[in-house]
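The sequence and the structure are shown first.

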Amino acid sequence: MRDETVTISTLDKAIAGALDEYNADVQSKIRTLVENAMRKLVRITKATAPRRTGKYAKSISSKVSADTPSNYAKMWYVRGDRAMLTHLLNDGHAKVNGGRVPGTHFLDYAKKQVIEEYLEAVKEALSGG
């Protein structure tokens, strides 16, 4: 906080300056939280993904999907031709000769774990922690 005298005529500038400082601090914290959460999601899903050959798990990655001063987002995805398997492995699928292969829900479990921790960290960051 600055140690300046604020008058009625400069109050709007002082408030705007304080809000800009708060916004920059929060944006920096959120960017770090997004990076950490995505790194953890990728690590967990690579460890818990179904393995026959291991190629699917090796293809799990993330990338930046939005990067502006007010919006930073990353996206979990599977590289290459293995991307179409995510839905089938997570949710299950029908067998060729009848019956059903149950889904492993590996992505659902990982998302639930990471999102809960991420939201708690965001609440703390917004409250000034």
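## The largest pocket

In this predicted model, helix 2, helix 3 (85-91), strand 3 (92-94) and strand 4 each supply at least two residues of the lining of the largest pocket. Helix 3 makes the largest contribution to that lining, with three residues.

The volume of the largest pocket is about 400 Å³. Its lining consists of 17 residues, and those nearest the pocket centre are Pro50, Arg52, Leu85, Leu89 and His93.

## Nonpolar cores

The largest nonpolar core contains 15 residues, and the members with the most contacts inside it are Leu41, Ala49, Tyr56, Ile60, Trp76 and Phe106. Two or more residues of this core come from each of helix 1 (11-48), helix 2, strand 2 (71-78) and helix 4. The largest share, five residues, is given by helix 1. In soluble globular proteins, nonpolar side chains tend to be buried together.

Ala49 is in contact with Tyr56, Ala57, Ile60 and Phe106, when neighbours within four places in sequence are left aside. Thr45 is located in helix 1 and counts as buried because its relative accessibility is 0%, below the 20% limit for that class. With residues up to four places away in sequence not counted, Thr45 touches Ile60, Trp76, Phe106, Leu107 and Ala110.

## The aromatic pair

The model has one aromatic pair by the rule applied. Tyr56 and Phe106 form this pair, with 6.0 Å from centre to centre and 85° between the planes, an edge-to-face arrangement. The pair links distant parts of the chain, as Tyr56 belongs to helix 2 (residues 55-58) and Phe106 to helix 4, 50 residues apart.

Both Tyr56 and Phe106 are buried.

## Charges over rings and the setting of Tyr77

Two tyrosine rings are considered here together with a charged side chain. The charged end of Lys63 is placed over the ring of Tyr77, at 4.8 Å from its centre.

Tyr77 is located in strand 2. At 23% relative accessibility, Tyr77 is classed as partly exposed, because that class lies between the 20% limit for buried and the 50% limit for exposed residues. Apart from residues up to four places away in sequence, Tyr77 touches Ser59, Ile60, Ser61, Ser62 and Lys63. The C-alpha atoms of Tyr77 and Ser59 are separated by 8.3 Å, although these residues are 18 residues apart along the chain.

## Backbone at His105

His105 is found in the loop between strand 4 (100-102) and helix 4 (106-126). The phi angle of His105 is near 55°, a positive value in a residue other than glycine. His105 is partly exposed, with a relative accessible area of 30%.

Note on methods. Residues numbered from 1 in each chain as written. Predicted model: local features only at pLDDT ≥ 70, side-chain atom pairs only at ≥ 80, totals over all residues. Heavy atoms only, no water. Helix = DSSP H or I, 4+ residues; strand = E, 2+ residues; numbered from the N terminus. Buried < 20%, exposed > 50% of the residue type's maximum accessible area, 1.4 Å probe, protein only. Phe/Tyr/Trp six-rings, centres within 6.5 Å; stacked < 30°, edge-to-face > 60°. Lys NZ or Arg CZ within 6 Å of the ring centre and 35° of its normal. Core = buried A, V, L, I, M, F, W, Y, C linked by side-chain atoms within 4.5 Å. Contact = heavy atoms within 4.5 Å. 1 Å grid on protein atoms, 1.4 Å probe; cavity = no way out; pocket = protein on both sides within 12 Å on 5 of 7 lines; lining within 4 Å. Points joined across faces, edges and corners; volume = space filled by probe spheres on them.
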